[in-house]
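Look at the sequence and the structure before reading on.

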Amino acid sequence: MKDLNNQNIKQLTALEKELLAYRDLISKLSMGIQYENPELGIRINKDRGQVKTEVIHIQTRNQPSFCIQDLVIPRDTDFEEVEVLLSPILDTVPHHIVFCNNKGEITLINKKAASDLHVNRERMIGKHIRELLKIPDSLIMLLETIKTRKQIVNRDVLDSNYGINNTHIVWDQDGEIKRVIGTFEFLNVVKEAEKQAMAGRIAAGIAHEIRNPLTTVRGYLQFLLDKLSPEVSGIVSSLLIPELDRANKIISDFLSIAKPSETKFELVKINSYICDELGSFLKSEAFLHRVEIEFNCSLEVEDSLVSINHQEILQVFINLFRNALEAKNDNPLKISLETKREMNFVQIIFKDNGTGISPIHLEHIFDPFFTTKDEGTGLGLSVSRKMIENHGGSMLVSSSEDGTTFLINLPIANTMS
């Protein structure tokens, strides 16, 4: 009996120590807490910043227990921990976000800001904001906010980096600046897109006006051929008319990029089209130019139907084939076409083993009029990508010294059973 009493005393002592520990824990929390357990008939209140805890006995009710915390993250949590939690979230934001302390030193920089400003963000942590932006301190709005203690709302930035700037202050418990958060909505891409759209509309109008007199001149030259001397007639038919036709072709290609046109589509089995219909044409071209061409059509897309315009898709692959010919190196040129399925798309992979495209030129190859050839117009790949986009697809490119690969995605219209 004595041993049982000693055991009960030890348990009570342990419970008392545990209760005291809980009380001490709650008293040390800076936040306020309201906890209620109707089953036990207990309510505990503790106000923010107070050590004393109020315990109230309540009538039991058939309700679950609850706890309300008066948690203010900037006050109750080390902001360094908050930044660690926020960093992967802010990396998904498509705007520049930078955190600075009250000295202007960077404590967080998101992925988009580091990428656009071409810096290693780990190395920028702890550096002054001027080392990131590389502009005078007087123009840095984060520093302005630190100095004036006033937040900036939707201020336009009209220098080389066009956009909208906002700043936000995080205060500490003493009313001092803990962090200044700067967000910059980078609008250079939007600005350039607007300029290009305007230029495209103007150029399309000019192209129409130029093509009309070219057509008239060509018609009169054709009419006068029989009335000219053989020497002049030969120059007209072999030089002037072909040059007018070439100019008209350039204008037509440009207009196909600048202005969408109506296209007639037809459902085809993509493997049959690539390996048979298109394949027959490309094989004859390959034979004429002594090119080795190989087709690998996947069974995954054997019965997949794709809606295409025959003429446009043929033109796309003629352009790719000609590009491959012009990129030929000293080795025999080899071209491969492969089809496979990716989700609800058919992928057509056109690959050559030519000289490849330099990284400097690669990002511009779909730009209208961009070319590295003396005789090229720079419209072939622009027109090709526009045609693929008109089919609801996409056209990507990758290149190295081992050759160039074009990846064309076309949506599957249906899968036959």
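Q: Is Arg290 buried or exposed, and what is its relative accessible area?
A: This is a predicted model, where local features need pLDDT of at least 70, side-chain atom pairs count only at pLDDT 80 or more, and totals for chains, interfaces and linings use all residues. Residues are numbered from 1 along each chain as its sequence is written, and side-chain values use heavy atoms, with hydrogens and water left out. Buried means under 20% relative accessible area, exposed over 50%, and partly exposed in between (1.4 Å probe, protein chains only). Arg290 is exposed, at 76%.

Q: Where does Arg290 lie, and what is its phi?
A: Helices (H or I, at least four residues) and strands (E, at least two) are DSSP runs, numbered from the N terminus. Arg290 sits in the loop between helix 10 (270–288) and strand 11 (292–297). Most residues other than glycine have a negative phi. Arg290 has a positive phi, near 55°.

Q: What is the phi of Asn154?
A: Asn154 lies in the loop between helix 7 (141–148) and strand 7 (155–158). Asn154 is exposed, with a relative accessible area of 52%. Its phi is positive though the residue is not glycine: near 50°.

Q: Which residues does the disulfide join?
A: A disulfide is a pair of cysteine sulfur atoms within 2.5 Å. The search of the whole structure finds one. The S to S distance is 1.7 Å, and the pair is Cys275 and Cys297.

Q: How many residues apart in sequence are the parts that this disulfide ties together?
A: The torsion about the S-S bond of Cys275 and Cys297 is about 85°, so the disulfide is right-handed. Cys297 is partly exposed, at 23% relative accessible area. Cys275 is in helix 10 and Cys297 in strand 11, so the parts tied together are apart by 22 residues.

Q: Which residue in strand 2 is the bridge partner of Ile33?
A: Strand 1 (residues 32–37) and strand 2 (residues 42–46) pair in the antiparallel sense. Their pairing runs over five bridges. In strand 2, the partner of Ile33 is Lys46.

Technical notes
Two strands pair if DSSP finds at least two bridges between them.
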